[in-house]
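Have the viewer open as you read.

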Amino acid sequence: MKYIVNPQYVLRKEEGKAIIMARQGYNTPAILNVIHPLYAMMLTFFDGREVTEIYKDISSYFSIEIEKVERHLTPLLDNDTVIHNGSSIFPPHILVPYNENKDTKPKRILPEYFTYEGEVIDLELSRLKAPVEIICNLTLQCVTSCVYCYADRKGNQNKKMSLDLIKKIISEAHEMGVVRFKLMGGEVLLYPHWEAVVRLLTQYGYQPDISIKKPLTEDEIIKWKALGATKDPIQISLDTLIESHLINILKVTPDYLKKIKETFILLDKHQIPYVVHTVLNRYNDSVEDMQSLYEFFKERTSLQGWMIDAAKCSMYNGLPYADYRARSENTVLIREYIKQINTEGVFNFKIKAPIVLWDFNKLSSADKEKIFNKRHLCSGNLCALYILPDGKVTICEELYWHPHFILGDLNHHTLQEIWDSPKAKELFYLKQSDIPQDSPCSNCEDFTSCRKYRHICWRDTILAYGKDKWYYPDMACPKAPQIPNDISMQ
């Protein structure tokens, strides 16, 4: 059988290692796996030929027995699960069958690209030589004023990126090998040059994922489809279809409900896929609200997913969390309701049910340690950057213009210059000696291992302890002090 490297994955050389990255795609996890460069060299031989021929070429090139080649590589042929081979980690389906009548012939990468002569092999994940993901905020202009809004809109609503700057950013990102480029707002479709931006992204092979609350006209939908931006679904944020509740949440006029429902019907008409994100808050935390959505969604033909999350505490909306958070007991009832719908098989996907946000002050040190040790990797400044509408570059979509996390300005520097800047490296390789003494991190013996690459969630730390306490521990850390701010649902 003929095999190729799965086109959904990209191989990149790094110092002393190679990495496997996933291209942009809905429900595609942001895979970033480290493999030995020798494996990367071998994978370059999978170019659509018969696997027996490939094995022979690899054996000849490396002067190793063909049985050894087969032993190491055969488990990777259309593998269903993650495969660990020593310190090398391979994602599912890394090598897939090639159909020359259907699949595009892959462009061959020469094995010499991954040569590691003179390099020290280091198979631990480390900060990459260039980002693989860019999230670009074009504008903070919105059509709603959500009660739970996490965007730093105050005084920034009119900021929007110039067309020349976004063109420069996309070009530089492509040259650097960025594989995931996402657009954010505000409302992306309120950006005056959105068509030109989407057209350029698709020309470079990016899929411009967007999230909207803005009702779409049929003309906008036709334009979106004509631009070829339909590989991934549009995300629509919709919290309820009970009109009075929706008005309280979004601060919109009564005609909004009719227009947003018409948007779904038009997307179905033009066969444009979409997913829905629902945010629970004090105005829609009832089974009745979820039923209003379910009854509408079960008639839809292009719906590909429905995710329900509880609103988190916002750093920017100026409201106490208690004024808008969902009630924990109601969230539990909604979880049970969603669980029941999922068993009925109405949709060809499972609805993502909400969870109750913990009060870490009530957890034991042992429980916090379990949560902390399983924390997600923070991609900010490790392999990703976030670009603000004025061209400033930060590391996270919720930190916005926090001065400590601004790495540079694309009006004056290139993406690569900012990635390689002393500010970016100093923030990533944070020195314990730079941590003020009031933080437990300042004298923690685990500081180096903790901050090596997984880091902490800076956003959660600031939510828990305040904007000026960015250097405090992650709130899940068992050594973290009591959280003074009201940010939990319990």
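Let's start in the loop between β9 and α4, where you'll find Asn156. Keep in mind that this is a predicted model. Is Asn156 buried or exposed? Its relative accessibility is 8%, and since anything under 20% counts as buried, Asn156 is buried. Leaving aside neighbours within four places in sequence, Asn156 is in contact with Leu140 and Trp401.

Helix α4 covers residues 163-176 and lies across β9 (133-137), β10 and β15 (384-387). Relative to β10, α4 runs at about 160 degrees.

Those strands belong to an open sheet of five, ordered β10-β9-β15-β16-β17, with mixed pairing. Which strands stand at the edges? They are β10 (180-184) and β17 (408-409); each has a single partner strand, so one side of each has no neighbour in the sheet. At the β17 end, β16 (residues 392-394) and β17 run antiparallel and are joined by two bridges. Val393 has Gly408 in β17 as its bridge partner.

Back to α4, which also meets another helix. The axes of α4 and α5 (residues 194-203) come within 11 Å and cross at roughly 10 degrees. Angles under 35 degrees count as roughly parallel, so α4 is roughly parallel to α5. On the α4 side of this contact are Leu163, Ile166, Lys167 and Ile170, which meet Ala196, Val197, Leu200 and Leu201 in α5. Sorted by class, the contact of α4 with α5 has seven nonpolar residues, one charged and no polar.

How values were computed: Residues numbered from 1 in each chain as written. Predicted model: local features only at pLDDT ≥ 70, side-chain atom pairs only at ≥ 80, totals over all residues. Heavy atoms only, no water. Pairing = 2+ DSSP bridges. Helix = DSSP H or I, 4+ residues; strand = E, 2+ residues; numbered from the N terminus. Contact = heavy atoms within 4.5 Å. Axes fitted to C-alpha atoms, helices over the stretch in contact; angles between N-to-C directions. Parallel < 35°, antiparallel > 145°, perpendicular 65-115°, else oblique. Nonpolar A, V, L, I, M, F, W, Y, C, P; charged D, E, K, R; others polar. Buried < 20%, exposed > 50% of the residue type's maximum accessible area, 1.4 Å probe, protein only.
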